[in-house]
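Visitor: I would like to learn how to read a sheet and a metal site. Where do we begin?

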Amino acid sequence: MKTLHKLLLLAAAISLGLLFLFPMWKIYVQAPQYPEGLQMHIWVNKISGSTDYSLQNFNILNHYIGMEKIQPDSFQELTYMPYIVFFFMLTGALIALAGARRLVLPWVFLLMVAGAAGLADFYMWLHKFGTNLDPHAPIIIPGMTYIPPFIGSKQLLNFHALSLPGPGSIGIALAVVLGLAVFFLERRRKGASIKSAEKTLVL
Amino acid sequence: METLYKKVNKAALLLAVAAGAALQSCSGIESSQANTAVASQADADAATKVYVAPGKHDELYSFMSGGFSGQVSVYGIPSGRQLKVIPVFSQNPENGYGYTEESKAMLNTSFGFVPWDDLHHPKLSRTDGMTDGRWLFVNANNTPRVARLDLKTFETAEIMEIPNSAGNHCSPYPTNDNEYVIAGTRFSVPINVEGKYEDVNFSEYKDKFKGSISFVKVDKKTGDMDLDFQVLVPGFDYDLANGGKGPSSDWVFFTTYNTEQASTLKEIGASQNDKDFLAAINWKLAAKYAREGKTHEMPAYYYHNKLDEKTHIATSEIKKKVRILLPEECPGLMYLIPVPKSPHGIDVDPSGEFMIVSGKLASIIPVHSFSNMLKTIEKKDFIGDVGGIPILRYESVLAGEVKEPGLGPLHTEFDGKGNAYTSMFVSSEVVKWKLKDFKVVDRIPVYYSVGHLVIPGGDTKKPYGKYLIAMNKITKDRYLPTGPELAHSAQLIDISGEKMKLLLDFPTIGEPHYAQAIEAGKIAPNSVKFYSLEENSHPQATKKESDTRVERKGNQVHVYMTAIRSHLTPDNIEGVNVGDEVYFHVTNLEQDWDVPHGFAIMGNNNAELLIMPGATQTLKWVPQKAGIVPMYCTDFCSALHQEMQGYIKVSPKGVKTPVAFSTGGKKPAA
Ligand SMILES: [Cu+2]
């Protein structure tokens, strides 16, 4: 592997670290009486908000429609996801240092699978909270569910909800893009060297 | 000024005395009419100047004294919209101030619980001669007290009683860096340094009656007040005060009346001398004398009540000593400067050179010069003394007189552009004059009988000279009538141009005597949105629903309750008997802006609670009748606010119902 490519792959591994610095996903809600808005931030290892009390305020509002309380403790994902990220960071770095060209594509592929699994989990999670409502809730609107948008915006009663990937997700995207780039660049270089080898043979 | 208000006869007399001034009034009336014409032409213009579009904020906060309401009201300027009423010396059932177990102590005094007062003068805290938006100091005129309001929370943080004072009118005046807040007595009373009771007759006024000027030290960081020392002064009435600025920073000036020292029928007795005095005290020197131990320690008995920021509980401390300075033992401490009789306002211009004394019975406004004062002291150009305090020669200190200003000048503020503005109580107008030559340049009628006026920062070294607010004592026909009692009226006047322009009338609460105004940007960014539940260290706070409980201790029942949208926990309570003392310690668990919860019980002979997010408040209730008693949230907090209610079962005396409590049919869960 070319040194530059090794460095690029190392950068890919390190960029996953963004997941510990920024939320993966952000859900913004706004209502007439919440002009300042409320934000929920989903991290790889925690759930927080724009303020220390955002989660409490989400739960206060959600209890009217009978939504289950959102508590970081109830998400097992938050305990094991950081290890998965560490795993990818570590293996990415090892592949880069060892120059193990053939492992680049499997690494990227696995990372993409893990990312997709994460998104699927997030989607199920939204679905579960949005539909699993207490039948004794104070506010029941027949047929109404409260699944927040997976990505994009949606009106939920008086709340306008907007859901977007956070800067943490850029870490994954960057890792995938860089990993793929290293893979293709390496393949081309290899192809070129084979071709030149063939040329010498012919000569 | 209320003295004059009561002196209607006197005012009539004054009109006769001021016949000479009537000539001037002609020109005054003419120009007043001209002004009215200009004002009506400017109506459309005025509307745009005071229009603050929905959702937009005002440029300034104005803090107005509530007078006999004992409160401070907060208005947005230029809109004149009322933003808040802050209870200070008066109980306020609306939020339980002075009724809750936490706040009762704020109103303790050496006379017992005094749940009202007559609040006259708000003064903003200062840094380097400018308002800093940290605190507001206000006085209680009736039962001598000084309060400090915290402008982060817009709550009364501290109330201190002033001993050896009777009628704390001449108060509170902060120095340029808040070193001291100074409070002078209105009524002189017998004070003896041994602090013993003496059987004094009214006829002994001249010998035995004394005034006091209190120097309250203010902690630079916390704002906490502490009575450092008092200066015992001649037995006059002390009316208003103001501190110097720039060159005169070390001095504070007080207007006095009743220098005749009459003890009865003061409207005549106190108006005999042609001149009363402006008292000048070098506060820096006073502080130095006090530090150097020139003071006499005197027994005293006064209350100091403070609100703890973390527990929101007020506690009272009784203080039993005060240090006294005697001017006759402290050379250079105090001088008396003659001024036309019965002066009211003393105002020092932004440069610190001119001391303007508004004598409500005077036909001129004398402007004294600080530099002349120093020269006069240096040359010992004295015309006598009062108990060893030198009286300076009027003519030597005088810089000039504003001639024919109008009738009943009361109070002056400045625009920072070389102009002074004086309120005229009797002729109901505001008069603008130049500090350069003491010539009147403009006048505008006000409706009616203006007392104080305020220009934002108009008493600082750099006024914000865009607006003036006149605070009127009489309203008459200005608004829709509301029976015999009418709202007092404030009038917003544009002073940005050559001519003053009337912009807006707005009603005020109680009787605003004085007000202060400050740029919104000095306060708004620091405004607290809610209290941190985590930092709430109230001993009876309940921070989780699972910790709520009911406990009996003898005939006391303590309910540890929580409130959150939209339920109270617990909401079914039993085991309470008629005649029990039931204490509801209610914690608002919310951590969001603008979500207070109220708490009220049917038939409570007390008040209700209004609990801010994160805070704990305690309501005492002594049930009088057996039965099921509802309780509920009084502040429309949420869509299910009406459902935020519960019941207490009250058993007859002697019936032993075990204490039990629940929410949703079960014991409160985590
Ligand atoms: Cu409520």
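Guide: We begin with the sheet in chain A of this predicted model. Five strands make an open sheet, ordered 3-2-1-5-4, with antiparallel pairing.

Visitor: Which strands stand at the edges?

Guide: Strand 3 (47-49) and strand 4 (152-156) of chain A. Each has a single partner strand, so one side of each lacks a neighbour in the sheet. On average, neighbouring strands here are turned by 20 degrees against each other, direction ignored.

Visitor: What holds strands of a sheet together as pairs?

Guide: Backbone hydrogen bonds, in parallel or antiparallel fashion. Here, strand 2 (residues 34-42) and strand 3 of chain A pair in the antiparallel sense, over three bridges. One bridge joins His41(A) to Ser48(A), in strand 3.

Visitor: Which strands does helix 3 of chain A lie across?

Guide: Helix 3 (residues 54-63) lies across strand 1 (25-31), strand 2, strand 3 and strand 5 (159-165) of chain A. Its angle to strand 2 of chain A is about 110 degrees.

Visitor: Now the metal. Which protein donors does the copper ion have?

Guide: His597(B) gives ND1, Cys633(B) and Cys637(B) each give SG, and Met644(B) gives SD. They lie 2.2 to 2.5 Å from the copper ion.

Visitor: What geometry does the site have?

Guide: Tetrahedral, with angles of 95 to 128 degrees among the four donor atoms. The test asks for all angles between 85 and 135 degrees.

Visitor: How are the donor residues spaced in sequence?

Guide: As H-x35-C-x3-C-x6-M. His597(B) sits in strand 41 (residues 597-601) of chain B, and Cys637(B) in the loop between strand 44 (627-632) and strand 45 (645-651), so this pair ties together parts 40 residues apart in sequence.

Visitor: Are His597(B) and Cys637(B) buried or exposed?

Guide: Both are buried.

How values were computed
Residues are numbered from 1 along each chain as its sequence is written. Chains are lettered from A and ligands numbered from 1 in the order in which they are written. This is a predicted model: local features need pLDDT of at least 70, side-chain atom pairs count only at pLDDT 80 or more; totals for chains, interfaces and linings use all residues. Side-chain values use heavy atoms; hydrogens and water are left out. Two strands pair if DSSP finds at least two bridges between them. Helices (H or I, at least four residues) and strands (E, at least two) are DSSP runs, numbered from the N terminus. Axes are lines fitted to C-alpha atoms, for helices over the stretch in contact, and angles run from 0 to 180 degrees between N-to-C directions. Contact means heavy atoms within 4.5 Å. Donors are N, O and S atoms within 2.8 Å of the metal (3.2 Å for Na, K and Ca); water is not among the atoms, so sites may look incomplete. Four donors count as tetrahedral if all angles lie between 85 and 135 degrees; four count as square planar and six as octahedral if opposite donors are over 155 degrees apart and all others between 65 and 115; anything else is irregular. Buried means under 20% relative accessible area, exposed over 50%, partly exposed in between (1.4 Å probe, protein chains only).
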